[in-house]
Amino acid sequence: MSKIHDSKILNSQIDFENSIIKIKVITEQEEQLNMIFEEFLAFHFENQLPDSVLLDIVEEKVDSFTIENKDLLEKEKDYFWPIDYEDVEDLINYIKDNSYHYYKIHASYGLNGWILSKKYSFK
């Protein structure tokens with residue numbers, strides 16, 4: 001099991017200026033950790049609830065990003081989200097060429113979502 005399994009989310013911070021997302025959690029062992037996503041391109045969170053409990057954070061293949069988020073990407077494309085691109089292949093190439101990773105956040109309760117970022121760590 002990962003170190004964050006069954007951790008409760010205490011708070012989150014999105015720093016657009018420095019392109020950092022921090023999610024502060026408390027583990028079952030009462031240890032507070034910061035999950036840090038640096039140089040993010042985009043993110044999408046659902047079911048943001050107090051006392052959300054994390055199941056895991058998994059790095060998935062970038063190719064699956066567009067398949068899993070097809071409806072969202074089609075809906076937001078005209079708003080240049082997550083970037084201005086012609087077709088999905090352009091978006092995939094941009095993500096790969098710029099070394100972004102696709103991190104999926106799974107919860108037992110509450111917050112689920114994903115983050116495209118270049119780095120992920122926890123301290």
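Mentor: What follows starts with one residue and its partners, then turns to other places along the chain. The model is predicted.

Start with Glu39, which lies in strand 3. Strand 3 covers residues 32–46. Glu39 forms a salt bridge with Lys118, and the closest N and O atoms of that pair are 3.7 Å apart. The bridge links distant parts of the chain, since Lys118 sits in strand 6 (residues 112–122), 79 residues from Glu39. The side chain of Glu39 also meets that of Lys119 in a salt bridge, again given as 3.7 Å from N to O. Lys119 belongs to strand 6 as well, and this pair is 80 residues apart, so here too distant parts of the chain are linked. Taken together, Glu39, Lys118 and Lys119 are linked in a network of salt bridges.

How open are these three residues to the surroundings? Glu39 has a relative accessible area of 33% and is therefore partly exposed, a class that lies between the limits of 20% and 50%. Lys118, at 27%, is partly exposed. Lys119 is partly exposed too, with a relative accessible area of 42%.

The backbone of Glu39 deserves a remark of its own. Its phi is near 55 degrees, which is a positive value in a residue other than glycine. Ser19 is another case: its phi is positive, about 60 degrees, although Ser19 is not a glycine. Ser19 is found in the loop between strand 1 and strand 2, the latter being residues 20–26. With a relative accessible area of 17%, Ser19 is buried, because that value is under 20%.

By the rule used here, the count comes to eight salt bridges. One of them joins Lys104 and Glu68, with the closest N and O atoms 3.1 Å apart. This pair also links distant parts of the chain: Lys104 is in strand 5 (residues 101–109), Glu68 is in helix 1 (residues 62–68), and 36 residues separate them. Lys104 is buried, at a relative accessible area of 18%, whereas Glu68 is partly exposed at 40%.

Charged residues also form a surface patch. Asp84, Glu86, Asp87, Glu89 and Asp90 make up a negative patch. Asp87, one of its members, lies in the loop between helix 2 (70–76) and helix 3 (88–97). The relative accessible area of Asp87 is 40%, and the residue is partly exposed. The loop between helix 2 and helix 3 also holds Pro82. The peptide bond that leads from Trp81 to Pro82 is cis, with omega near 0 degrees.

Leu10 has a relative accessibility of 38% and counts as partly exposed. Apart from its neighbours within four places in sequence, Leu10 is in contact with Lys24, Val25, Ile26 and Gln32. From C-alpha to C-alpha, Leu10 and Ser52 are 8.2 Å apart in space, while 42 residues separate them in sequence.

How values were computed. Residues numbered from 1 in each chain as written. Predicted model: local features only at pLDDT ≥ 70, side-chain atom pairs only at ≥ 80, totals over all residues. Heavy atoms only, no water. Patch = residues over 30% accessible without salt bridge, like charges linked within 9 Å, V, L, I, M, F, W, Y side chains within 5 Å. Areas by Shrake-Rupley, 256 points an atom, 1.4 Å probe, with all protein chains shown as cover. Salt bridge = Lys/Arg side-chain N within 4 Å of Asp/Glu carboxyl O. Lys, Arg positive; Asp, Glu negative; His and termini not counted. Charge placed at Lys NZ, Arg CZ, Asp CG, Glu CD. Helix = DSSP H or I, 4+ residues; strand = E, 2+ residues; numbered from the N terminus. Buried < 20%, exposed > 50% of the residue type's maximum accessible area, 1.4 Å probe, protein only. Contact = heavy atoms within 4.5 Å.
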